[in-house]
Structures are given as structure tokens and as C-alpha cells.
Amino acid sequence: MQRRSLLKLTALAPVAAVHGQIPSTQVSGFQRFRVGQFTGTAFLDGHLQIGAEAFADLSEAEADELAQAAFLDGGQIDTGVNAYVLQSGDETILIDAGGAGAMEPLGGLAGLMEDAGVAADQVSHILITHLHPDHIGGLLTETGDVVFPNAKVRIHQADIDGWTTEAALAQAPEGFKPFFEFARKVYLAYEAQVVPFTEDTELVPGVSSRHLPGHTAGHTGFVIEDGDDPLLIWGDIVHVEAYQMPRPDLAIGFDTNPDLARETRLALLPEVAGSKHRIAGMHLSFPGIGRVAKDGDGYRFDAEDWTFEI
């Protein structure tokens, strides 16, 4: 650095200290990646806090031990809410949409997509892992209108049946009725654009569904093909990395069928650890992309390093 440039920066530093404000929040962002024919972008919609009380089989003492092993303070653990966009040719595919308008403090997706140059009317397909509010809130505006008017929306039929019908709402536990009401509201707004699926199938060239039930009846992951190194976006297989990677038997209170969710996770983790294929998760630390490795009696998530080129 030239001496003149250094002096300019030195002169500006006191001004910034006097007139600027010390930041108290992290910079929200997006990160691009490549997988096969697609340029992908991971978006951080926001974060939620989840504590040990959300896991019926986890004591506070063990939660503290697991948190400390992950260099966390324990208590309420921050977990990200991620969404992903895949782009190739004329296709722009959004996978989940965050929780704007449904859960606080979520809602960063819309602004970040704009910053990334992805227009809402450019989105051709929306693939939904499941109909919980932190995955579909960003599909509606504050006035309840659709955000993505040109997108074909793909949702597993079991989730449509389990979350959007009047019968499902009537049978919903009282504390969860707002979840069902919101899912029904989003579904009805997009009903003309929804194309359900019932079996694992190719939804867009290069992107296939994989049914991973338990968290919800229709909970689905999406496999993006890339020769010998595909990417599985696995939705909500794991909610709190510090707890459920070392103890994959832990079911969370949001699971519709805890036993099936546990069974699905216990089958999937050794599979992806053995293949060493990349995975991405909506509640893994942003950008949520990496690989799973066996670690003692459990597993660990090894986040993918920042790449300087896409």
C-alpha cells in the first residue's frame, strides 16, 4: 500500500469513529456455489432460537454438555433459516422461502434475492420441503398476495393433505392451529400454481425429489445431480446441529411423527456419511452446505469452505 493511501485511511478513521455507529448485528447475506449445471445461491432468511426443552429425550445437563462440546453457551441455541436458489438456462428454482410474515425475526429472503439479482417474476419453479411457516412465509406479501406469480409450485401430496384441508385444521392440536391456518392460507393463494407429486421423481431436469417423512408426512429433500457428487438439500432432517448430529436419535417437538422422523434421520446420516456427498440443510449454520462424517457414536457436519470462484 502506498504511503499516501495509508495516510488517507488514517485520516478517515477518527471521523468514522465519531460519526458512525458501532454495529451490533451481523451482515445478512447470500453465498453462491456450483452444483452440476446449476449456479446455486444460499440465502439466510434469519434465525430461530431452540432450546433443550424442544427435545423430549434431552436433559438440561446433557444439553449443556453437548453445547459446550460445540463451543456454545447452551440455553437457547441460534439456528439459521436457509433457502436456496438454483439457476440454469431459463430455469430459476427456489427451494423453500423462509418465514416472512409468519415467524419473527425472519424475512430476509426477499431483500437478499433482490440484492443477488434474482427477480421474483423470474422464478420458474418453487420446491417446498414441507409446509411449516418458516419454509413458506416468504411466498406471500404483507397483504397476502403471491410473491412469485410465474412459478410452478411443487409440494408432496401428503403435506397438502396433512396441512391445508379443513379436516386437517379441525384435527390440529390447539397450540399448532396457527401453523395449519397459515399453511392453508399460502396453499389457497397458490392453488392454481401447485402441481403435487406423490412419488420420488424428477421435478425439473437435474433436480429430483426424495421423500424423507417424519418431520411432516410429506417432508421432502431435493437431489441436484452432479455426476459423482450430487447435492442433497435435506430440509429439516436436523434442527439443532449441536444436539442432533452427535445424538441423531433426538426428535424435536415440531416433528409430526417423532418415531418416523428419528428413523429417517438414523437411516440417512450413515448413507450420506458413507457416500461423502454434499448435503444442505435449512437449519444448519449458514450457508448450510457441507458433508457429514461419522464421529464416535454420532456424526458431525463439516461445513464447506468459502470458495473464491463459483
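Predicted model: local features only at pLDDT ≥ 70, side-chain atom pairs only at ≥ 80, totals over all residues.
Residues are numbered from 1 along each chain as its sequence is written, and side-chain values use heavy atoms, with hydrogens and water left out.

**Helix α9**
- α9 spans residues 258–275, and its 18 residues reach 26 Å from first C-alpha to last, close to the 26 Å expected at 1.5 Å a residue (the expected span is 1.5 Å times one less than the number of residues).
- Helices here are DSSP runs of H or I with at least four residues, strands are runs of E with at least two, and both are numbered from the N terminus.
- Ala261, Arg262, Thr264, Arg265, Leu268, Leu269, Val272 and Ala273 are buried in α9.
- Those residues cover an arc of only 160° around the axis, which puts them on the same side of α9 (the arc is taken from the directions from the helix axis to the C-beta atoms).
- The cover over the buried residues includes β8 (207–211), α8 (241–244) and β12 (289–295), with contact meaning heavy atoms within 4.5 Å.

**The cores**
- The largest nonpolar core has 33 residues, and Ile126, Leu139 and Phe148 touch the most other members (a core is a set of buried Ala, Val, Leu, Ile, Met, Phe, Trp, Tyr and Cys residues joined through side-chain atoms within 4.5 Å).
- α7 supplies the largest share of this core, 7 residues.
- A second, separate core of 20 residues includes Val35, Phe197, Ile233 and Met282.
- Leaving aside neighbours within four places in sequence, Phe148 has contacts that include Leu94, Met113 and Tyr190.

**Strand β3 and its partners**
- β3 is largely enclosed by the rest of the structure, so 10 of its 12 residues count as buried.
- Strand β2 (residues 38–50) runs antiparallel to β3, joined by 11 bridges (strands pair if DSSP finds at least two bridges between them).
- Leu44 stands opposite Asn82 in β3.
- β4 (residues 91–95) also pairs with β3 in the antiparallel sense, over 5 bridges.
- β3 and β4 form a hairpin with 2 residues between them, and Gly89 in the turn has a positive phi of about 60°.

Methods
Buried < 20%, exposed > 50% of the residue type's maximum accessible area, 1.4 Å probe, protein only.
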